Amino acid sequence: MDELLDVVADAVRRAGGRARTASGRFPEPGPDTVYLIVPHEYFVVTPPHEQPGSELLARTIGFCVEHPGTLSFERTAQYLPKLALGVDINLDSTAELRRQGNRVEHFQLGWTPLWDRWGGDPDSERSVDVTYLGTEERRRSKLLAGYWRDLDALRTRIMVPPHEMMGPRRVDFLPGDGKFAHLADSRMLINLHRGRSVALEWVRVLESLCNGCVVLTEPSADVEPMVPGEHLVVARGESLGAVAAALAGQPERERELRMAGYEFVREKLDLLGSAKMLMELGTELIGGVTDPGGAPETSRLAAAPRRPAESLSVDTPSWDPRFAPGPGGPSGDFDAAACVMAVDRITYARRGADQRWIEPSVAVFPEAERAPVDVLLVRRPGEPDPAGLVHDLLGGTVLPRQILIGEDGALPSSSPFPTLVHEFPLGRGYARNRLLERSRSPWLLVVDAGLRASPYLLERLLEADAPVAHCLVADPVEGLVGALPAEERRLRRLPYLGCGYLVHRSVVDAVGEWTENPLFDGLEDHVFWRQVVACGHDSALVQQILLSRLRPDPAPRPVDLDAGRVWAELDRV
C-alpha cells in the first residue's frame, strides 16, 4: 500500500499539485492539507492513540483497493463512513460502496514511471519464463499445484508469501524496485483471484504490463477496457499452466501481447486525469483554500516504526496434518500414557528387530554420467511403492550416483538398488541414518515414498548452490506445501517444512544427522530444519514445483485427537 500511495503522490505532482507521504500519525495540517489513506490497512495497523480525530477525518479521503467478497473489503466498508469520501481503483467495489450509501469516485490507475523498469524494448532478455506473485490462499494454492507438470520445463518463480505484515525484501516477497525488476525479467505472469472474488487484480496486472510481462489471468468481471487476446490472455484457472506452456513456444505471439499491453497502459489509461480529479476533491473539502508555501513537493515525512506482526499467518499449511498446531502452538487434549506406550514400542522394537540389506543384482545405467548425489528414500507402512519416484529420478536431466531405499516396516518391493529392510517400523530418522552409513557422496537428496518428481528436480536444486535447498511441493489437499523459506520464528510454532531437500553431507554431520528420538516420530524433518536454522546454515528455496505428493497424509481423526471421548461414545452405541 505504501508503494501504491507513492504512485498516487507522484501522479499528483506530475499533474501540477503538491503531495508528500507519511506513515503513522497524521502530520500537522496546513490550511490546504488534505489526507489520503487506505482505510482497511490504516485503521488496523496504526495504534488507536495515533489515529486522527473527527476534525482531521473530515478532510480525509479513503483510497479503496479491495474487491467485494474479501475480508479486506468488509473492513473498507466499515471504516469508510468515518471519512469525508472515498476513491476506488475498482469498478465493482466503487459500485458496491456507493450502494451502501458512501460517496465514492472511481480512480483509474495507469502507467507510471515508478513502476516501469523495462522501457518498452521488445528485444530485452528475460530469464524467468513464468512468475506468480500473491499471498498464500487455499484456492490459489490448489490451482498452482495443478500446474506442476505443465510448467515442468519452464523456468518459474512462484512466490506465495504468508498473509502477514511484510517489511524488507525476502525470497518470497519483493517490494519496490525488486518487484518491478523481477517483472521486467519475466516473460509471463499468472494471475489468480483470492477467495470468492471474480474481479481483476488491477494493481498486479498493471505492474506487470508496465514491465512487458504478459498477463495470463482467469476470467474476471471487470477486465474492460482491456481486450482479452489483445492486451492479456484470459483462460480458465485450471488451464493457465497449460496456456503458459503453449505460449512459451510461440515467441511472436508473446511479443505481440507484450507490446500491445504496454502501449495500452501508456496510452489508454488516464492516471493523470485521476490525479486531477483527486485534487479537485481535495479543494472541495478545504473550501478552495490554497497555500503556495508548505513542504517541498518531493519530501517524504519520517515514517513511524512498523514491526512485523507478532502472530503468524493462520493460512500456512503444516507439512503433516496430524501435526497441525495453530500459530500459538499445539493445543487440545493429550493422553500421556498412550504417548509413553508409543515411545516404548519403538524403543523395544529397535532392540531385536531384524534388519537386513538386499543388494542389487544388476547395475542401472552403469556408463551414465552421474552427479555427486546419493538419494536417501524411506518408505513406512501404508506409503505407496517408491517405484514411481525411482523411475522419475532415473529419467531426470541429472542422474544421482546411487539410490538407497529404506523399507521401514513396509514389505520390500523389487528394486535394482540397495534396499534396507526393517522387520518392524523403527522410525524414519533411524532408517535414514542407516542409509547414510552406505552413502559416499557429498550431497544427499532426502525424499520419502509417496512423492513424484520433476525430471528437473536435481538439476534445479543443485543450481541453487546452497548447503540446503528445497522446493515447492504440490499436495492434492493443501495445494502447495513447503513453499516458504526456513524461518526460526515460524518453525518454533509450525512444522511447515518436510522432506524433498538437497543437503550437503557437512550440514548433516554438523546438526547430528536425523533425530532417532521416538517421541519425535513423524517430526524428523521438522527437527532437522530447526537444527539447520539454529546452527546458522544457509538454505535456498527453489520457487518451482518440482515434487508432487501422490497421497496426502491422512487428516487427523477424532480418535487420534481425543481417544477417550471417542471410546466413551462407542460404549453408548
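In the predicted model, residue E513 is placed in the loop that runs between α17 (505-511) and α18 (524-534). Although E513 is not a glycine, its phi is positive, at about 60°. With a relative accessible area of 31%, E513 is partly exposed, because this value falls between the 20% limit for buried residues and the 50% limit for exposed ones. A second residue of this kind is D465, a non-glycine residue whose phi is likewise positive, near 55°. D465 is located in the loop between α15 and β16 (468-475). Its relative accessibility of 71% places D465 in the exposed class, since that class begins over 50%. In general, a negative phi is found in most residues other than glycine, and most peptide bonds are trans. A cis peptide bond is present between E224 and P225, with omega at about 10°. P225 belongs to the loop that connects β8 (214-217) and β9 (233-234).

The domain assignment divides the protein chain into domain 1 (2-108 + 271-286), domain 2 (128-268) and domain 3 (321-550 + 562-571). According to an unreviewed UniProt entry, residues 151-267 are listed as "domain: Spore protein YkvP/CgeB glycosyl transferase-like".

The relation between domain 2 and domain 3 was examined next. The centres of domain 2 and domain 3, taken over C-alpha atoms, are separated by 33 Å. Contact between the two involves 24 residues of domain 2 and 30 residues of domain 3. The size of an interface is often expressed as the accessible area that is lost when the parts come together. For domain 2 and domain 3 the buried area is about 2,100 Å², with carbon and sulfur atoms giving 47% of it. Of the area that domain 2 buries against domain 3, W148, D152 and R155 supply 28%, more than any other three residues.

Polar interactions also occur across this interface. There are 6 salt bridges between domain 2 and domain 3, and 15 residue pairs are in polar contact. On the side of domain 2 that touches domain 3, the elements giving two or more residues are α6 (138-145) and β6 (156-159). The largest share of that side, 5 residues, is provided by α6. A salt bridge is formed by R490 and E164, whose closest N and O atoms are 2.8 Å apart.

Helix α13 (residues 387-394) contains the buried residues L389, V390, D392, L393 and L394. The buried residues of α13 pack against the strands β11 (373-379), β12 (402-408), β14 (443-448) and β15 (451-453), and also against helix α15 (457-463).

Two further positions were considered together with their distances to other parts of the chain. V45 is part of helix α2 (residues 39-45) and is partly exposed, at a relative accessible area of 34%. Between the C-alpha atoms of V45 and D123 the distance is 43 Å, with 78 residues of separation along the chain. K82 occupies the loop between α4 (71-79) and β3 (85-88) and, at 45% relative accessibility, is classed as partly exposed. K82 and S413 are 331 residues apart along the chain, and their C-alpha atoms are separated by 68 Å.

Conventions. Residues are numbered from 1 along each chain as its sequence is written. This is a predicted model: local features need pLDDT of at least 70, side-chain atom pairs count only at pLDDT 80 or more; totals for chains, interfaces and linings use all residues. Side-chain values use heavy atoms; hydrogens and water are left out. UniProt positions are given in the numbering used here, feature names are shortened, and annotations may be inferred rather than shown by experiment. Helices (H or I, at least four residues) and strands (E, at least two) are DSSP runs, numbered from the N terminus. Buried means under 20% relative accessible area, exposed over 50%, partly exposed in between (1.4 Å probe, protein chains only). Domain bounds come from an automatic or database domain assignment. Contact means heavy atoms within 4.5 Å. Buried area is the accessible area (1.4 Å probe) that two parts lose on being put together, summed over both. A salt bridge is a side-chain nitrogen of Lys or Arg within 4 Å of a carboxyl oxygen of Asp or Glu. A polar contact is a pair of N or O atoms within 3.5 Å; within protein, one must be able to donate a hydrogen and the other to accept it, and residues adjacent in sequence count only if both atoms are side-chain atoms.
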